[in-house]
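Please keep the sequence and the model in view while reading.

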Amino acid sequence: MDDPLGLAAGWVQETLLIPLLYQLGLMRWEDVAFGWSLFAVYGACQVVITFAVCLPLERWRPVERWADSGAVWVDAIYTVISRVGALPLVTFVLFYRAQVALNGMLADEGWVPPTLERLFPFLLGQQTLTFILYAIILDCADYWRHWLAHQFRWWWALHSLHHAQRQMTFWSDDRNHILDDLIAFVWFGLIALLIGVPPLQFPLLILVLRFLESLSHANVRLSFGWLGERLLISPRFHRAHHGIRAAGQRSCNYGAVLPWWDMLMGTADFTRDYVPTGDPSGEEALATGSYWQQQSAGLRRFLRTFKTSTPGSAAPSP
Amino acid sequence: MRRALILFLMVLVLPATAHAGGAAFIINSAGASISVVDMATQQEVRRIPVLREPHHLVLSPDGKSLLVGDTAGNEMLFLDPATGAIQKRMPVADPYQLGFSPNGKVLTVAGLARNQIDVYDAASMKLLKRFPVVSTPSHIAYSPDSGAVYVTLQDSDRLIGIDLHKMEVLWNQPVGKTPAGVLWLNGKLLVADMGTDYVAQVEPATGKVMAKIQTGKGAHNLFLSPDHKILWVNNRAGGTTVSLDATTLKPIRSYAIPGGPDDIDFAPDGKLWITRRWAEKVAVLDPATGTYQTIAVGRSPHGLFLNPKAPTPVP
């Protein structure tokens, strides 16, 4: 029952965070700090494993080779911020605490927020099975969030930052506008309210899912075969979603881990092979700018949509 | 005849052996489970899964149920204190810390995330009154006559006193930075101020701080030994457990217990079982020698309850 990552988080908490919090008079944050250190240790582990697996794959069979791959390093910064740095803290502080408070409020009114385990009591103690069910539901929810991000002009303006990358690699999974990330937090917060997502209970399995999401962005000629691609999203399948022709409203392959929702909704395209990626309709800073240049360009594009069209109108077809 | 005699003796002895072990229940807050530990072998035997995030537990006044609060699950679990079998589940909003009054009439539940203190009728579990507070109510103590309950408000550096007869707030006073554990001792309230290195001595009538007793960095929680002679204080940031004379409040000895020492329960052999939040362990401290053994449990072990009379737990 060894838990090396949990113990590593404990070490970070005791050796680095608690002395700092005590000196700064911020001991009230000690519980939050431990939550963050858990997220951060698992995030760091995700980054290391992804790097160790995806980098050799990208070197082995790259889809594209670039003389200057400077734009890739900005994506690496996104990954570190998203998985190890500030975002896990925001996730824990905002999402988790808000979930507890909101669920409590509803419980007060006599409505106990449902959880899968309450609906199906046999799941209590069945960690792997429970997680798989949660993962399927969350993946379905993510399909719809992602599809909607391509339908609304203002949302696409934010999400286009993710699509602007012409040098797509396994680092690109986390290159998102911060407002797009915030919408995703709210989205999953609502889902959590409906089915009671337990974020801290399955960190190892979440690590596996995040790895698969990173892998799907990798610059590698890798397909899982006819059947495999219909069970799990491959780099080949997801690359079609990032294709130049697919940017915007008429994209395809919106799924993150499972291709099932695309197949059910008729948005799956298994025919496109290793297409070039990017979004020609966005300004250059979205693709090759620094972290802050990309964020500002995304914000400018977002604000422009309110001046030029009715909010809520569809994203442009390429 | 001789074989029959041996068999007869075995029948007499076996049940006693089976009941000799005792069971410890350790709550794993970040693991959504309760570890059941064999007190004799000091080994975890099994885990009871709960919904989301349990923190504290308390024995009902009749000794028939062990109440476990699952904060994020908004659920109170009632366990058999001997076997750990779940007796019932009850929806309760954000049950973080729980405590029955000395007369067993009321149950106070501190909702840390929801900033509320709920007072229930212990027999019917009917909510008598809710006190919205600012903010993060965390630990609970009662006056010995059960007339008042005191709750630390961790994020606002205050302690609140509530009159349980009139069901109204007596006072709400600053008591030091990030107050956590609170205990009634010799007519005074003691509050462990986690943002400091001391325990504040508070006058129960007014809520005013009368004295500060230095214990160590991040004084977090405090417990009175079963013989009422020793006060034990866990210092979260310093990683120490300190004993003080319960009458004079003079320090006796400091023990290094790394890994975020939190709650304590006392075993009949005089040893202290201490949860170590970040080490995923329970320390079994022998105060005489200063050495401790460790028991591996789940993630972020927090509240604990020892039942030495329970039968040896089975997987």
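**Strands and sheets of chain B**

Strand 21 (residues 230–235) and strand 22 (residues 240–245) of chain B run antiparallel and are joined by six bridges. The model is a predicted one, in which local features need pLDDT of at least 70, side-chain atom pairs count only at pLDDT 80 or more, and totals for chains, interfaces and linings use all residues. Residues are numbered from 1 along each chain as its sequence is written, while chains are lettered from A and ligands numbered from 1 in the order in which they are written. Helices (H or I, at least four residues) and strands (E, at least two) are DSSP runs, numbered from the N terminus; two strands pair if DSSP finds at least two bridges between them.

*The open sheet*

- B:Val233 has B:Val242, in strand 22 of chain B, as its bridge partner.
- An open sheet of four strands in chain B has the order 20-21-22-23, with antiparallel pairing.
- Strand 20 (219–224) and strand 23 (251–256) of chain B stand at the edges with a single partner strand each, so one side of each lacks a neighbour in the sheet.
- From one strand to the next, the twist averages 20°.

- Strand 5 (residues 66–70) of chain B is joined to strand 6 of chain B by five bridges, and the two run antiparallel.
- The bridge partner of B:Leu66 is B:Leu79 in strand 6 of chain B.
- These two strands form a hairpin with four residues between them, and B:Asn74 in the turn has a positive phi of about 50°.
- Five bridges also join strand 6 of chain B to strand 7 (residues 86–91) of chain B, again in an antiparallel arrangement.
- B:Phe78 has B:Lys88, in strand 7 of chain B, as its bridge partner.
- The hairpin of strands 6 and 7 of chain B has six residues between the strands, and B:Gly84 takes a positive phi near 85°.
- Strand 6 (residues 75–79) of chain B is largely enclosed by the rest of the structure, because four of its five residues are buried (20 or more other C-beta atoms within 10 Å of a residue's own, C-beta atoms being placed from the backbone; exposed means 12 or fewer, partly exposed in between).

**Nonpolar cores**

- The largest nonpolar core has 104 residues, and B:Phe25, B:Val191 and B:Val199 are those with the most contacts inside it; such a core is a set of buried Ala, Val, Leu, Ile, Met, Phe, Trp, Tyr and Cys residues joined through C-beta atoms within 7 Å.
- Helix 2 (residues 30–60) of chain A gives the largest share of this core, nine residues.
- A second, separate core of 15 residues includes A:Trp154, A:Trp156, A:Ala157 and A:Phe302.

**Contact between chains A and B**

- In all, 30 residues of chain A are in contact with 32 residues of chain B, where contact means that C-beta atoms, placed from the backbone, lie within 7 Å.
- Helix 1 (4–24), helix 2 and helix 4 (86–108) of chain A are the elements that give two or more residues to the side of chain A that touches chain B.
- Helix 1 of chain A supplies the largest share of that side, eight residues.
- By class, that side has 15 nonpolar, nine polar and six charged residues, with Ala, Val, Leu, Ile, Met, Phe, Trp, Tyr, Cys and Pro counted as nonpolar, Asp, Glu, Lys and Arg as charged, and the others, Gly among them, as polar.

Methods:
Axes fitted to C-alpha atoms, helices over the stretch in contact; angles between N-to-C directions. Contact = placed C-beta atoms within 7 Å.
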